[in-house]
Amino acid sequence: MVRILISLILLSVLGCSSDYNALSASKSYDSYAPMQDKQRAKNKYLAYTHRFTVTVKKSELSRVFTDVLEACLSDNEHKCLVMHSEQSGGEYLYANIRLRVSPEGVAKYKSLISESGEIEQQSTSAEDMTDSVVDTEKRLDMLASYQAKLKGLESDPNINIESLIKVASELSEVQTQIEYSQGQKAKLYLRISMDVLDISLKTSKNETLISPIGEAFSEFGEDFSEGVAIFITAAAYLIPWILLVVFLVWVARYFWVRSKRRANS
């Protein structure tokens with residue numbers, strides 16, 4: 001009786017610990033959100049990446065994977081974009097999804113995956129893009145100033161034809177550099193204004209005590225066929241060697257009997 005009581009107490013403690021860990025994982029991002037807002041207020045050039053690792057049932061993984069993708073594709077409010085998606089089968093099913101979404105939309109997808117499984121691990125990292133933004137803006141200012149000077153030379157009535165051709169060529173090159181730098185600036189601001197969300201979905205090896213038995217029965221036919229195939233392949237390799245050994249034994253026995261007869265005669 002005492003042993004039974006101790007076992008029940010241990011099970012309840014472990015269950016509470018597991019529930020606490022799951023609760024902590026689900027609440028950690030919510031508690032971090034205000035801190036993230038304060039950091040954005042201090043530095044507007046931070047680019048955030050959020051990572052979630054979620055354990056789901058094997059039977060639910062494909063559905064959760066599809067639900068997240070469909071939710072993103074139809075999410076115009078948070079401007080969600082699927083940047084990468086991958087799903088793999090086998091003994092350990094897993095899936096990876098990378099989304100780009102507005103900071104306000106992160107909670108939506110975190111809630112979606114937490115309803116379908118247990119968030120085992122999550123993290124948030126911030127990359128400071130200040131230097132890249134400042135350097136790009138300085139380059140644009142320099143190019144704009146240079147472009148203005150070239151336009152001044154181009155409009156000079158005393159400029160000769162040869163110089164005018166060189167100025168026109170330089171203006172074309174400067175315009176190309178300006179457009180490229182503007183594109184780089186737009187990419188930087190897009191990365192800053194939108195968060196990256198990495199979602200990893202995985203399954204536990206054995207969800208219940210009878211899962212290994214069920215898996216063994218479900219894979220019996222495949223394992224049996226594979227075993228027969230291995231046997232046939234092994235036989236194909238062994239039969240020639242067996243025939244050779246039998247032949248050599250027969251030859252050796254033939255000469256041994258022959259030599260024995262000569263010795264007796």
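# Reading a predicted fold, feature by feature

Modeller: Let's start with a helix: at 1.5 Å a residue, the 25 residues of helix α4 (residues 130-154) should span 36 Å, and its end C-alpha atoms are 36 Å apart, which agrees. The expected span is 1.5 Å times one less than the number of residues. Helices (H or I, at least four residues) and strands (E, at least two) are DSSP runs, numbered from the N terminus.

Colleague: Good to know. What should I keep in mind about the model itself?

Modeller: This is a predicted model, in which local features need pLDDT of at least 70 and side-chain atom pairs count only at pLDDT 80 or more, while totals for chains, interfaces and linings use all residues. Residues are numbered from 1 along each chain as its sequence is written, and side-chain values use heavy atoms, with hydrogens and water left out.

Colleague: Back to α4, then. Which residues of α4 are buried?

Modeller: Buried means under 20% relative accessible area, exposed over 50%, and partly exposed in between (1.4 Å probe, protein chains only). In α4 the buried residues are Val133, Thr136, Leu140, Leu143, Gln147 and Leu150. They pack against α5, where contact means heavy atoms within 4.5 Å.

Colleague: Now the sheet. In what order do the five strands come?

Modeller: The general idea is that strands of a sheet pair through backbone hydrogen bonds, either parallel or antiparallel. Two strands pair if DSSP finds at least two bridges between them. Here the five strands make an open sheet, ordered β2-β3-β5-β1-β4, with mixed pairing. At the edges are β2 (81-88) and β4 (118-128), each pairing on one side only.

Colleague: Which strands pair with β5, and in what sense?

Modeller: β1 pairs with β5 in the parallel sense over seven bridges, and β3 pairs with β5 in the antiparallel sense over eight bridges. Six of the eight residues of β5 are buried, so β5 is largely enclosed by the rest of the structure. On the other pairing of β1 (residues 46-55), β1 and β4 are antiparallel over 10 bridges; there, His50 stands opposite Thr124 in β4.

Colleague: Which helices lie across these strands?

Modeller: For the angles, axes are lines fitted to C-alpha atoms, for helices over the stretch in contact, and angles run from 0 to 180 degrees between N-to-C directions. Helix α2 lies across β2, β3 (94-101) and β5 (195-202), running at about 170° to β2. Helix α5 (residues 161-193) lies across β1, β3 and β5, at about 50° to β1.

Colleague: Could we zoom in on Phe65? Is Phe65 buried or exposed?

Modeller: Phe65 counts as buried, at 9% relative accessibility. Phe65 belongs to helix α2 (residues 58-73). Leaving aside neighbours within four places in sequence, Phe65 is in contact with Ser85, Glu86, Gln87, Ala95, Asn96, Ile97 and Leu201. Phe65 and Ser200 are 135 residues apart in sequence, yet their C-alpha atoms are 9.6 Å apart in space.

Colleague: How many aromatic pairs are there?

Modeller: Rings of Phe, Tyr and Trp (its six-membered ring) pair if their centres lie within 6.5 Å; planes under 30 degrees apart count as stacked, over 60 as edge-to-face and the rest as tilted. By this rule there are three aromatic pairs. One of them, Tyr45 with Tyr189, is edge-to-face, at 6.2 Å centre to centre and 80° between the planes. Tyr45 lies in the loop between α1 (2-42) and β1, and Tyr189 in helix α5, so the pair ties together parts that are 144 residues apart in sequence. Tyr45 is buried at 14% relative accessibility, whereas Tyr189 is partly exposed at 31%.

Colleague: Last one: which cysteines form a disulfide?

Modeller: A disulfide is a pair of cysteine sulfur atoms within 2.5 Å. The structure holds one: Cys72 and Cys80, with sulfur atoms 2.0 Å apart. The angle about the S-S bond is -100°, and the link of Cys72 and Cys80 is left-handed. Cys72 is buried at 1% relative accessibility, and Cys80 is buried at 12%.
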